[in-house]
Amino acid sequence: MTRSEALFEQAKKTIPGGVNSPVRAFNGVGGSPLFIEKANGAYIYDADGKAYIDYVGSWGPMILGHNHPKIRAAVLAAVENGLSFGAPTELEVQMAEKVISMVPSIEQVRMVSSGTEATMSAIRLARGFTNRDKILKFEGCYHGHADCLLVKAGSGALTLGQPSSPGIPEDFAKHTLTAVYNDLDSVRTLFEQYPTDISCIIIEPVAGNMNCIPPIPGFLQGLRDMCDEFGALMIIDEVMTGFRVSQSGAQGYYGVTPDLTTLGKVIGGGMPVGAFGGRKDVMQFIAPTGPVYQAGTLSGNPIAMSAGLAQMEALCEEGLYEKLSAKTKRIAEGFKAAADKHGIPMAINYVGGMFGFFFTEQAEITRFDQVTQCNIEQFRIFYHGMLDEGVYLAPSAYEAGFLSMAHGEEEMRLTLEAADRVLASMKAA
Ligand code: PMP
């Protein structure tokens with residue numbers, strides 16, 4: 001038994017399923033999860049001392065690689081001054097100014113401590129501002145685990161086959177309408193059915209919780225136009241894409257202006273952080289300036305702000321996103337080339353620092369129902385083959401992969417050589 005396996009057995013006695021977040025449990029691929037001891041650059045190290053090239057990156061935030069010296073130094077310096085004050089700090093002002101300088105649609109921003117809090121608060125605000133109850137989301141998109149958002153959700157909920165969770169009263173769930181990603185007609189149908197009831201659309205601008213599905217041309221702008229037509233707000237959930245797809249988020253990359261934006265993990269550089277922001281007139285509607293209540297003891301925590309600011313500063317380096325995109329392209333196209341070479345049907349998607357690969361004969365994957373038709377068994381075999389080779393991918397066919405700036409020539413070459421060997425063995429089997 002490995003140390004990870006022993007720790008997992010021990011953990012299951014005191015922690016439900018042995019994990020503090022379901023997608024870590026390897027339900028999507030089978031087997032026992034790795035317990036991680038440390039991480040550096042492109043590598044994570046498990047409890048047995050084995051190194052892996054990491055394409056999870058703490059589920060997105062590690063754009064600069066793990067344990068980046070500038071972020072570590074910022075955190076250590078902040079710790080010297082105390083861990084939390086529950087009172088305003090200059091760091092929060094700096095963070096707000098930084099976010100606003102990077103994302104033009106954000107005029108004011110409020111910090112929270114997780115992506116879930118960010119989307120939950122943004123939705124409450126949209127409902128309060130429009131005085132409407134319904135929200136519109138997309139099947140397969142995940143926006144955290146707030147009650148109204150665990151309806152036909154992606155990520156771990158999808159992996160576990162529980163996209164709509166028990167524990168959410170039907171009276172809540174009935175206000176969540178779900179449409180088909182990349183299908184404007186499905187959205188229009190709902191708006192026509194409820195023309196004055198929908199407070200907002202919330203969308204992942206590149207879906208990263210049902211594998212990786214970029215928006216087709218015109219989709220995001222079409223949603224923007226429909227929100228304007230029916231008086232709803234548009235919330236772009238950039239918890240995953242913000243500062244991973246481009247310096248101004250996916251909204252900058254695709255040229256779409258939302259009313260509200262939610263941000264998360266990336267702006268914390270690995271610390272627990274989220275944020276929501278947008279139009280000033282809407283943001284003024286939250287307490288203490290407005291009637292919609294929202295609060296948090298640890299919101300804007302100084303250690304998290306310091307880590308996030310150091311990361312955001314580093315992300316503004318000239319040419320960084322071109323380099324990150326080129327790395328992502330190399331890995332995604334490399335997987336596809338190896339699959340082609342061994343006659344294993346595969347489709348790929350990638351944008352910025354996010355990628356997805358699908359074991360499927362379908363040439364292009366743009367919709368949720370296509371993802372569910374992919375060959376999960378092949379994914380599992382590939383996953384464990386890569387893990388044995390020392391490559392750590394997201395342990396589910398319904399999650400995106402992430403590159404970091406620390407993935408250098410050597411790591412990418414080793415990854416693609418491993419993929420070639422694993423796919424060759426799958427063909428032979
Ligand atoms: N929105 C999106 C798009 C996400 O990917 C996630 C988490 N992966 C969340 C919201 C929720 O964030 P958190 O896990 O920090 O609550």
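**View 1. The shell of residues around the ligand in the predicted model.** By class, the shell around the ligand has four nonpolar, 11 polar and three charged residues, where Ala, Val, Leu, Ile, Met, Phe, Trp, Tyr, Cys and Pro count as nonpolar, Asp, Glu, Lys and Arg as charged, and the others, Gly among them, as polar. The ligand is surrounded by 18 residues, of which the closest are Ser-114, Gly-115, Thr-116, Gly-144 and Val-239; a residue is near a molecule or strand if its C-beta atom, placed from the backbone, lies within 6 Å of it. Helix α4 (residues 115-130) gives three residues, the largest share of this shell; helices (H or I, at least four residues) and strands (E, at least two) are DSSP runs, numbered from the N terminus. This is a predicted model, in which local features need pLDDT of at least 70 and side-chain atom pairs count only at pLDDT 80 or more, while totals for chains, interfaces and linings use all residues. Residues are numbered from 1 along each chain as its sequence is written.

View 2. In the UniProt record, an unreviewed entry, the annotation "modified residue: N6-(pyridoxal phosphate)lysine" covers Lys-265; UniProt positions are given in the numbering used here, feature names are shortened, and annotations may be inferred rather than shown by experiment. Lys-265 lies in the loop between β9 (260-263) and β10 (274-278). Lys-265 counts as buried because it has 26 C-beta neighbours inside 10 Å; a residue is buried if 20 or more other C-beta atoms lie within 10 Å of its own, exposed if 12 or fewer, and partly exposed in between, with C-beta atoms placed from the backbone. When residues up to four places away in sequence are not counted, Lys-265 touches Trp-59, Gly-60, Pro-61, Gly-115, Val-239 and Val-273, two residues being in contact if their C-beta atoms, placed from the backbone, lie within 7 Å.

**View 3. Strand β10 and its pairing partners.** Because five of the five residues of β10 are buried, this strand is largely enclosed by the rest of the structure. Gly-274, Phe-276 and Gly-278 point one way from β10, Ala-275 and Gly-277 point the other way, and all are buried. Strand β4 (residues 108-112) pairs with β10 in the antiparallel sense over five bridges, and Arg-110 has Phe-276 as its bridge partner in β10; two strands pair if DSSP finds at least two bridges between them. Strands β9 and β10 also run antiparallel, joined by four bridges, and Thr-262 stands opposite Phe-276 in β10.

**View 4. The contact between the two domains.** The domain assignment of the protein chain gives domain 1 (3-67 + 318-428) and domain 2 (69-315), with bounds that come from an automatic or database domain assignment. The centres of domain 1 and domain 2, taken over C-alpha atoms, are separated by 25 Å, and 33 residues of domain 1 are in contact with 36 residues of domain 2. On the side of domain 1 that touches domain 2, at least two residues each are supplied by α12 (320-341), β11 (346-351), β12 (354-359) and α13 (368-371). The largest share of that side, four residues, comes from β12, and by class the side has 20 nonpolar, 11 polar and two charged residues.

**View 5. The open sheet that includes β12.** Three strands form an open sheet in the order β11-β12-β14, with antiparallel pairing. Strands β11 and β14 (401-402) are the edge strands, each pairing on one side only. Two bridges join β12 to β14, and Met-354 has Phe-402 as its bridge partner in β14.

View 6. Ala-146 is placed in the loop between β5 (134-138) and α5 (155-159), where it is partly exposed, with 17 other C-beta atoms within 10 Å. Leaving aside neighbours within four places in sequence, Ala-146 is in contact with Thr-116, Thr-119 and Met-120. Lys-152 is found in the loop between β5 and α5, but Lys-152 is buried, with 21 other C-beta atoms within 10 Å, and its phi is near 45°, a positive value in a residue other than glycine.

View 7. Phe-243, in the loop between β8 (233-237) and α9 (249-254), has a positive phi of about 65° although it is not a glycine, and Phe-243 counts as buried with 30 C-beta neighbours inside 10 Å. A cis peptide bond, with omega about 10°, joins Ala-287 and Pro-288; Pro-288 is found in the loop between α10 (280-283) and α11 (302-315).
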